[in-house]
Each structure stands twice: as C-alpha cells, then as structure tokens.
Amino acid sequence: MSEKEPNQLRDYTIDNNILTCVSENGVILKAEILTDHIIRVRYSTNNYQLPDFSYALNPNFKQDEKTYTFKDAKNYVVIATERVECRIKKQNLQVSFYDNQGTLINEDEKGFHWEVSESTGNDIVQMSKQVQKDEVFFGLGDKPTEMNIKNKRFENWGSDCYGYSYNDDPLYKNIPFYYGLHHGIGYGIFFDNSFRTFFDFGHERPDATSFWSHGGEMNYYFIAGPNLLEVSERYAALTGTADMPALWALGFQQCKWSYKPESQVREITSKMRELKIPCDAIYLDIDYMDGFRCFTWDKEHFPAPKKMISDLSSQGFKTMVIIDPGIKKDPDYWVFKEGLENDYFCKYPDGPYVEGNVWPGACYFPDFTKPEVRSWWADLYEGLISHDGVAGVWNDMNEPAIFDVETKTFTENVMHDYDGHLCSHAKAHNVYGMQMARATYEGVKKHGDNKRALIITRSGYSGLQRYSSVWTGDNIATWQHIWIANVQCQRLAISGVSYAGSDIGGFIGQPTPEMFVRWIQLGIFHPFCRVHSSQDDGDQEPWSFGDKATDLFREAVELRYQMLPYHYTAFYQHHKFGTPILKPLTFIDQEDEENYYRDHEFLCGNNILSASIDEEKCKAKTIYLPQGKWYNYWDNELHDGRNETTISITENTFPFLIKAGSVIPFYPIQQYVGEKQIDVVTLKIYYSENSEISNLYVDALDGYEYESGDYRYSTFYFENFESNVVIKQSWEGTFKPHYQFKIELIGFENVKGIDVDGKKIDVNEVLAHDFRELTISK
C-alpha cells in the first residue's frame with residue numbers, strides 16, 4: 001500500500017496541558033506536557049485513537065503542575081514549558097523542539113508517515129528526524145556493539161540468542177529508548193510501542209535517524225536535557241526504578257546448568273567456605289525440578305529441599321531457583337491442571353491452545369498479560385518461597401522461547417489479554433517476559449516474609465527494572481565477550497536497567513584461567529555479580545583453574561565485599577533518583593568529544609572508574625580519564641583527567657581509579673553478608689585541591705522499612721582551604737547505624753592534626769557515625 005503522511009492543519013484545541021492538532025486527512029497529533037522537560041508526542045490516523053495503555057510507564061510517575069504557554073504563529077503552533085518548546089508545523093504536523101534560549105534540540109526530517117499492512121491491517125508507523133551536525137547516539141538496552149550507535153541500525157524483537165556475538169541483533173531485551181547529543185546538548189526519545197520496532201541512526205541515510213514499528217501508534221516521549229545524566233534520570237522517573245535489593249543480592253553468586261544432586265550443591269557451598277571465597281547465593285537450574293515441571297522438586301536428587309535450603313542458610317548461602325514459562329502438558333501435573341481449568345494459557349484466535357516444545361517437552365504457556373494469570377502465578381511461589389525457604393527466582397526462556405521452530409517463538413496471531421486490551425502476539429511479544437517477571441516479583445514479595453525480592457529475567461521491555469534485575473544471556477567464553485559484557489552493562493544502565501550483569505566466565509565454552517580472572521575483575525564493578533556456565537563445557541567454579549587463579553579470583557571477590565557499602569549507595573542513588581549505576585564517559589563529561597568513542601572505561605557510582613581488560617597477557621592499559629584528577633587505587637598515583645594515561649597491569653591489579661576528593665566507604669572482608677557485625681567502616685579520603693561530594697547509604701540491609709524513612713543517606717562535603725581540609729557530613733532518614741568510622745588518608749602531605757567536631761583525635765582513632773565536621777590541618 002502507498003505511504004501516507006499528514007497534510008495541512010485543519011484545527012486545534014488546547015485542553016489543560018494537551019495541544020491536539022488535526023490535519024485535513026484525519027491525522028491526530030497530541031502534544032502533552034508531562035513535566036518541564038518531558039513532552040509526549042502521539043500521532044493517530046483516520047480520526048481515531050487507540051486506547052491509551054502502556055506497561056512501560058511508572059504508575060507513581062508525577063506530572064508537574066500544568067505550567068505552559070501557547071502561541072499560534074503564522075506557520076506553526078507552539079506549546080512550551082519553561083525549559084523546552086514544541087513547535088508543530090501547520091503545513092504537515094512536523095515537530096521540532098527548542099530549549100528556552102531558542103536553540104534547536106531536535107527536528108523532524110520527513111516526520112511522521114505511515115502505510116497500512118495488507119496482511120494485518122495495522123499501521124506501519126514511521127518517524128524520521130534530522131541528524132544534526134556531529135550528532136552522536138546512545139542507548140537501546142543490551143545491543144552488543146559500541147556505545148556510540150551512530151551509523152547503525154537495530155531491531156527490537158525479544159529473541160533467544162544462544163551464543164550471540166558482536167553486532168548480533170535482535171537480542172533478548174526490548175528497550176526502545178535512545179539519546180542524541182550534539183553541540184553539547186543532550187536529549188532522549190522513548191518510543192513507547194511494544195510491537196516489533198526498528199531504529200536507524202544514519203545507517204540508510206547519513207542525514208536522517210528514524211524509528212518505526214509494524215503496528216500500534218507513533219507514540220514517543222521527548223526528554224530534554226541538556227545534561228545526559230539528567231535525561232537518564234528523567235527517563236527513569238517516567239518508567240520507574242528498581243527497589244532496593246537486600247545487601248546480600250549485591251554479593252557474589254555462583255550458578256551452573258546444573259548443580260545436582262543435593263550432595264553436589266553441598267559440596268560446592270562447603271568448598272566455597274573452605275577456600276574462603278566470599279559468596280552469598282547458590283543457584284539451582286532446571287534439573288532441580290521433577291521432569292522440568294515448574295514449582296516441583298526432583299525427589300530423587302533433592303529428597304529434602306527445605307532442610308537443604310535451611311542448612312545452606314546456616315552457612316550463609318541464599319538459594320535461588322529457575323522458573324521458565326513453559327508448563328508441561330501433563331494431565332496429572334497440578335500446575336497444568338489449574339491453568340487449564342481456569343483458561344490461563346495462551347490461545348490461537350480460533351480457540352486452540354499454543355503448544356511448543358521446550359525443556360519439559362510439549363508445553364502450554366500462561367498469558368502473563370492477563371491480571372488473573374499474574375495473580376495465580378504469583379501464588380504458585382508460596383511453596384518455594386514461604387515453605388521451602390527459596391530466596392529469589394530466576395526467569396529464563398521468557399522471550400518466550402520455543403525449540404524447533406524457525407521463529408523461535410509464538411506465531412504473531414496468538415492472542416493475549418493485554419490487561420483488557422485484547423491483542424495479538426505481534427503486540428504482546430516484547431512485553432511477555434516483563435509481565436512474567438512482574439508476576440514473579442509480586443509472588444516472591446508477597447510470600448517472602450518482608451524480605452526483599454531478588455528476581456532475574458532474561459527478557460523484558462522498558463520498565464522491567466521495576467520488577468527485576470537482568471543478566472545478558474547466553475554469552476561465550478572469549479576475550480571479546482568480556483568487552484561485550486562491559487558495553488552491554490553500561491548500555492543497560494543508561495537505558496533504565498542498572499541492576500545488570502553478565503555470566504562471568506562465559507556460559508558457552510570454557511575460559512582460560514587468565515580470562516576467568518579478568519572477567520571477575522570486571523564483574524566486581526557490575527551490580528549483578530554471578531558466575532554461570534553450561535554443563536556442556538566443564539567446571540567453572542572459582543577453584544576450577546588452578547591455585548593461582550583461585551587466589552586471584554578470591555582477591556577480586558574480597559574487594560567486592562569491601563566495596564559493598566559503596567555499591568549499596570550507588571544502588572540507592574539509582575532507586576531514589578534514577579541515576580544509572582554504571583556511566584559511560586560521555587555521561588560524565590559530554591563536552592569532551594574524546595569520550596564519545598570510549599567503550600572500555602566507565603564509572604561505577606559517582607567516584608570510581610574502571611575499564612575492562614579484554615586481551616591476554618596484558619601488562620599495561622591505556623585509558624582515558626574524564627575531567628578531574630584520579631588516584632590509581634593500587635599505588636595511589638595521581639593522574640590528570642581529560643587525558644590519556646597508561647597504567648601498569650599485573651595479574652592481581654586492573655583499572656581501578658578513584659576521583660580526587662572522594663570519601664569511599666570500605667567494609668571488612670566477610671564470607672557472606674551478615675557473617676559478622678560491622679562495627680567499623682573505613683572511610684578512604686582522597687586528597688584534592690577542589691571540592692567534591694560523596695555519599696553513604698545504609699539501612700537494615702533487608703526488609704521494606706526503608707520505604708518509610710528508616711534509612712540514613714549521608715553526604716560528605718570535601719572542601720580544601722588554605723590551612724586545612726574540611727569534610728562535613730549531613731544526612732537524612734531515621735536509621736541509626738551501630739558502626740563507627742575509621743579514616744584512611746590518601747594523598748595528604750604534612751598532616752599536622754585532626755579534629756572531629758572540635759575534638760583532637762589521632763588518625764587511628766574511630767569516629768562516631770554521626771560526626772558533623774572532620775578537619776585535617778595541613
């Protein structure tokens with residue numbers, strides 16, 4: 001069918017914060033102001049609008065007070081906030097955005113256009129925008145490619161990608177959100193459309209970027225900056241952030257397909273303690289089940305799961321289990337019977353159930369887009385969580401994946417409830433995994449006795465972070481995959497999904513000892529830190545590669561446990577403010593164009609920088625540092641920012657730099673979270689000529705009391721004066737830590753004395769957690 005586009009504006013109306021424009025050929029454009037920085041743009045055709053519904057949006061998102069201005073000019077109409085102006089051309093409803101100084105941020109090229117699909121009747125909705133001079137682009141979730149995605153093209157259609165490689169696309173996750181940056185001005189566009197979507201960043205035509213979908217509406221949110229980090233935080237406000245995890249969930253975790261029988265699980269956990277490798281969680285893959293039937297136990301291999309889990313808990317291990325969406329077609333299987341009796345499984349339009357082969361053989365699949373199904377699924381976890389003591393759940397295969405079919409998933413004519421908005425799988429596919437994770441999250445939280453839920457999902461859509469963490473899927477034990485893990489976790493973080501990690505060591509194949517060590521040395525900076533591997537490729541426990549590799553692995557994990565209060569603080573900043581935990585260099589210093597093409601280096605939190613080592617026999621690493629000054633953690637050497645520097649690398653050292661002026665909290669080493677009461681937290685204070693801000697967050701480390709204000713979020717203000725350095729502390733929240741502080745000074749010369757709240761102390765004395773002012777005399 002022929003392509004169409006809007007023509008001349010016929011009329012417009014203004015209803016509170018929404019400007020509605022209608023063209024002569026029946027295109028409706030609604031420009032809705034959500035905040036000073038976020039404007040929603042929604043096109044509909046044929047004088048008809050679809051019901052307004054989205055799984056992506058944060059239900060707690062708060063619109064600003066409706067403050068806007070309107071202008072009817074000769075060639076366009078304008079709706080504007082104090083920060084951003086949206087201009088709509090009367091000739092063809094093309095849209096452009098300007099800042100409050102009149103500087104162009106983003107403009108349509110051809111703008112909105114569409115054609116009708118002859119096979120489905122859906123609109124194929126398309127948008128093209130002008131690429132500005134020297135514009136670069138970032139985002140889109142888990143794409144295994146360079147951070148800067150200019151001149152590339154992508155597809156979002158959740159896919160089971162066993163053994164994916166560099167540039168493979170599409171992968172598991174569907175995050176239709178990207179950033180543009182030009183002339184120091186950053187912005188974001190979230191194309192909220194769950195059909196199969198495509199993005200082109202100057203690949204087909206270098207002067208145009210475009211995005212389109214095989215159905216639904218042209219519905220996007222324009223998020224103004226100009227700062228990229230602020231854009232990221234505004235996107236997070238729109239789609240939600242993760243709950244605080246229990247602290248143990250930021251510890252090291254060990255997994256394999258599969259640990260069985262029970263005796264092997266006990267052997268693995270006992271050896272972890274024997275070798276003093278800190279670890280907080282052990283995973284059970286599909287072989288713990290009875291014939292791969294979800295919510296069951298293989299009684300031969302796991303005859304007493306509740307006792308086993310209790311015994312593991314006494315050793316400091318949480319037990320995690322996998323649950324897939326495929327429910328075995330077995331008339332004697334209680335979950336299958338309940339689903340069948342209540343009509344909870346997906347069907348074709350004429351009534352037959354969707355049947356596909358996965359691990360159990362022939363399976364039916366719950367329709368997680370139906371509220372009643374999610375409630376049922378949530379309650380299925382009562383036995384595993386409440387009775388057996390499982391701590392969390394790992395959702396796999398939820399693209400959904402099906403074996404032995406060319407599409408690797410459902411056909412697009414399968415029907416879904418979509419929360420009362422009946423639709424086909426073409427629309428529901430990309431949200432299926434997210435809604436499964438949602439049901440799992442609700443069940444684990446409901447039956448978890450006020451314990452925080454750790455959920456992990458392979459697939460999902462924008463907003464999945466409200467329910468689940470993620471891992472990057474079935475990667476390969478290669479050096480390149482260390483780099484891929486690095487860029488994927490950075491990209492996921494700026495796409496709203498900070499709680500992410502890779503299968504450390506690679507799921508497929510077996511790493512060399514050196515590769516395994518370098519992978520964990522990167523993984524300790526990722527929020528989700530787990531080794532996982534396939535049974536097809538040998539052992540991949542920390543001791544599987546010889547004594548030297550074991551020692552090096554232990555050292556890295558011990559450092560992770562020392563850094564837990566720092567990681568926990570960074571996670572709180574994501575939870576509360578939407579700040580990505582991992583930050584590409586461009587998101588730290590967007591004025592410096594050198595950062596646009598840097599992939600190895602990243603910030604973890606606000607004060608620590610690292611980079612992947614993704615080549616063997618590395619003796620030195622050349623990295624680029626963003627603005628500021630940076631201390632090498634290993635030798636305390638100070639390096640200038642906005643500068644390329646080469647640092648020495650040994651077997652047990654790797655890129656780890658701390659921003660001058662930072663106050664970094666360190667725990668003593670534990671074998672697991674809660675092994676010992678933390679009585680002293682070391683504050684490593686790094687000298688700077690300039691002012692700097694650091695933070696420390698603490699709460700009960702589990703439970704949900706923090707939501708009612710029972711936490712402490714401290715801010716440390718580092719200031720350098722002529723005769724002294726002063727660190728002031730302020731905090732919010734009602735939680736009272738029981739620990740005290742010990743200080744360690746790095747980079748200070750000729751310290752003449754130390755005062756805490758007016759009282760002189762020795763450098764080795766401890767400080768009360770509620771000190772207000774620390775003065776270091778020079």
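This briefing covers helix packing, ring contacts, selected residues and backbone features of the structure above.

The model is predicted: local features need pLDDT of at least 70, side-chain atom pairs count only at pLDDT 80 or more, and totals for chains, interfaces and linings use all residues. Residues are numbered from 1 along each chain as its sequence is written, and side-chain values use heavy atoms, with hydrogens and water left out. Helices (H or I, at least four residues) and strands (E, at least two) are DSSP runs numbered from the N terminus.

**Helix packing**

- Two packed helices are described by the angle between their axes and the distance between the axes.
- Axes here are lines fitted to C-alpha atoms, for helices over the stretch in contact, and angles run from 0 to 180 degrees between N-to-C directions.
- Helix H2 (residues 262-274) and helix H3 (residues 305-314) have axes that come within 11 Å and cross at roughly 5°. That makes H2 roughly parallel to H3.
- Angles under 35 degrees count as roughly parallel, over 145 as roughly antiparallel, 65 to 115 as roughly perpendicular and the rest as oblique.
- From H2, Glu262, Val265, Arg266 and Thr269 meet Lys307, Met308, Asp311 and Leu312 of H3. Contact means heavy atoms within 4.5 Å.
- The residues of the H2 contact with H3 are three nonpolar, one polar and four charged. Ala, Val, Leu, Ile, Met, Phe, Trp, Tyr, Cys and Pro count as nonpolar, Asp, Glu, Lys and Arg as charged, and the others, Gly among them, as polar.
- The axes of H9 and helix H10 (residues 547-562) come within 9 Å, crossing at roughly 5°. H9 and H10 are therefore roughly parallel to each other.
- Pro513, Phe516, Val517, Ile520, Gln521 and Gly523 of H9 meet Ala549, Leu552, Phe553, Ala556, Val557 and Arg560 of H10. The residues of this H9 contact with H10 divide into nine nonpolar, two polar and one charged.

**Rings and charges**

- The whole structure holds 81 aromatic pairs. Rings of Phe, Tyr and Trp (its six-membered ring) pair if their centres lie within 6.5 Å; planes under 30 degrees apart count as stacked, over 60 as edge-to-face and the rest as tilted.
- Tyr162 and Phe507 form an edge-to-face pair, 6.5 Å centre to centre with 90° between the planes. Tyr162 lies in the loop between strand E12 (153-156) and strand E13 (173-174), and Phe507 in the loop between strand E32 (503-504) and helix H9 (513-523), so the pair ties together parts that are 345 residues apart in sequence.
- Phe507 counts as buried, at 6% relative accessibility. Buried means under 20% relative accessible area, exposed over 50%, partly exposed in between (1.4 Å probe, protein chains only).
- Tyr739 and Phe741 have ring centres 5.6 Å apart and planes at 50°, so the pair is tilted. Tyr739 and Phe741 are both buried.
- The charged end of Arg87 sits over the ring of Tyr98, 3.8 Å from its centre. The charged end of Arg530 sits over the ring of Trp394, 4.6 Å from its centre.
- A charge sits over a ring if NZ of Lys or CZ of Arg is within 6 Å of the ring centre and within 35 degrees of the ring normal.

**Two buried residues**

- Cys489 is in helix H8 (residues 479-494). Cys489 counts as buried, at 1% relative accessibility.
- Not counting residues up to four places away in sequence, Cys489 touches Thr472, Ala500, Gly501, Ser502, His526 and Leu582. Cys489 and Thr472 are 17 residues apart in sequence and 7.9 Å apart in space, C-alpha to C-alpha.
- Thr296 is in the loop between strand E20 (281-284) and H3. Thr296 counts as buried, at 12% relative accessibility.
- Leaving aside neighbours within four places in sequence, Thr296 contacts Tyr288, Met289, Asp290, Tyr333 and Trp334. Thr296 and Leu384 are 88 residues apart in sequence and 8.5 Å apart in space, C-alpha to C-alpha.

**Backbone features**

- Asp169 and Pro170 are joined by a cis peptide bond, with omega about 0°. Pro170 is in the loop between E12 and E13.
- The peptide bond from Trp257 to Ser258 is also cis, with omega near -5°. Ser258 is in the loop between strand E19 (253-254) and H2.
- Asn151 is a residue other than glycine with a positive phi, near 70°. Asn151 lies in the loop between strand E11 (136-139) and E12, and is partly exposed, with a relative accessible area of 45%.
- Asp449, a residue other than glycine, has a positive phi near 55°. Asp449 is in the loop between helix H7 (425-446) and strand E28 (454-457), and is exposed, with a relative accessible area of 67%.
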